[in-house]
Amino acid sequence: MFNTNTQSHNVSNRMLAIRIMDRLFNRKIMKLEVFEEILNKLRKQTNKQDALYALDVDLINYSDDHNSVINILLEVYYGKEGADWISWYMWERDENGDQYQATTSDGKPICYDDKSLWEEVEQCRLDNTKEYELPKKMSDEERLQVLTMIRNGL
């Protein structure tokens with residue numbers, strides 16, 4: 001019924017199941033190569049911004065809207081959980097593997113390289129049933145409360 005031959009040699013059973021589900025529901029999967037290219041471009045942009053910041057050039061106000069668009073697109077495609085995994089992987093995890101590593105409930109490592117991250121977020125995409133909603137904007141009063149809390153060290 002399904003052609004299970006793939007162009008990549010090392011397709012896990014999990015990815016095979018995702019591909020079968022996508023075909024059943026006529027959904028397109030993001031290819032690993034495309035996903036890796038997106039991650040590499042995000043890394044490259046971050047490295048540029050970090051280098052400029054080291055030279056006292058702060059681009060946060062310039063790049064904030066651009067980053068918001070990327071985050072929204074990732075959340076629409078992969079769901080909140082998938083977008084959170086990508087964010088954690090890119091900016092919070094310990095690349096040396098010493099701490100802050102992700103595992104399943106039975107202790108198996110996940111999101112330890114680009115491919116395993118891709119497998120995890122593709123599963124998040126399949127599991128996601130919620131329609132994306134824009135975040136609520138804070139009122140001026142709420143912003144003032146947050147700033148007061150920060151100032152008071154709470």
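Reply:
**Where the helices pack**

H2 and H3 pack with their axes 13 Å apart, at an angle of about 130 degrees. An axis here is a line fitted to C-alpha atoms, for a helix over the stretch in contact, and angles between N-to-C directions run from 0 to 180 degrees. Helices (H or I, at least four residues) and strands (E, at least two) are DSSP runs, numbered from the N terminus.

This is a predicted model: local features need pLDDT of at least 70, side-chain atom pairs count only at pLDDT 80 or more, and totals for chains, interfaces and linings use all residues. Residues are numbered from 1 along each chain as its sequence is written, and side-chain values use heavy atoms, with hydrogens and water left out.

Back to the pair. H2 and H3 are therefore oblique to each other. The cut-offs are these: under 35 degrees is roughly parallel, over 145 roughly antiparallel, 65 to 115 roughly perpendicular, and the rest oblique. The crossing of H2 and H3 is left-handed. Left-handed means that the near helix is turned anticlockwise from the far one by less than a right angle; clockwise makes the crossing right-handed.

Which residues of H2 and H3 make the contact? H2 brings Phe35, Leu39, Leu42, Arg43, Thr46 and Gln49. H3 brings Ser63, Ile70, Tyr78, Ile86, Tyr89, Met90 and Trp91. Contact means heavy atoms within 4.5 Å. By class, the residues are 9 nonpolar, 3 polar and 1 charged. Ala, Val, Leu, Ile, Met, Phe, Trp, Tyr, Cys and Pro count as nonpolar; Asp, Glu, Lys and Arg count as charged; the others, Gly among them, count as polar.

Look at tryptophan 91, which lies in helix H3. Tryptophan 91 touches Thr46 and Ile86, not counting residues up to four places away in sequence. Tryptophan 91 and threonine 46 are 45 residues apart along the chain, yet 9.6 Å separates their C-alpha atoms. At 45% relative accessibility, tryptophan 91 counts as partly exposed. Buried means under 20% relative accessible area, exposed over 50%, and partly exposed in between (1.4 Å probe, protein chains only).

H2 has another partner. The axes of H2 and H4 come within 10 Å and cross at roughly 115 degrees. H2 and H4 are therefore roughly perpendicular to each other. H2 passes H4 in a right-handed crossing. From H2 come Leu32, Phe35, Glu36, Leu39 and Arg43; from H4 come Asp114, Lys115, Leu117, Trp118 and Val121. By class, this contact has 6 nonpolar, no polar and 4 charged residues.

Aspartate 114 belongs to that group, and its place is in helix H4 (residues 114–127). Is aspartate 114 buried or exposed? It is buried, with a relative accessible area of 15%. Beyond its neighbours within four places in sequence, aspartate 114 is in contact with Leu32, Phe35, Glu36, Leu39, Arg43 and Tyr89.

Aspartate 56 sits in the loop between H2 and H3. Its phi is positive, about 65 degrees, although it is not a glycine. Most residues other than glycine have a negative phi. Aspartate 56 counts as exposed, at 73% relative accessibility.

Cysteine 111 is in the loop between strand S2 (109–110) and H4. Cysteine 111 also has a positive phi, near 55 degrees. At 0% relative accessibility, cysteine 111 counts as buried. Serine 116 of helix H4 is in contact with Ile110 and Cys111, leaving aside its neighbours within four places in sequence. Serine 116 is buried, with a relative accessible area of 7%.
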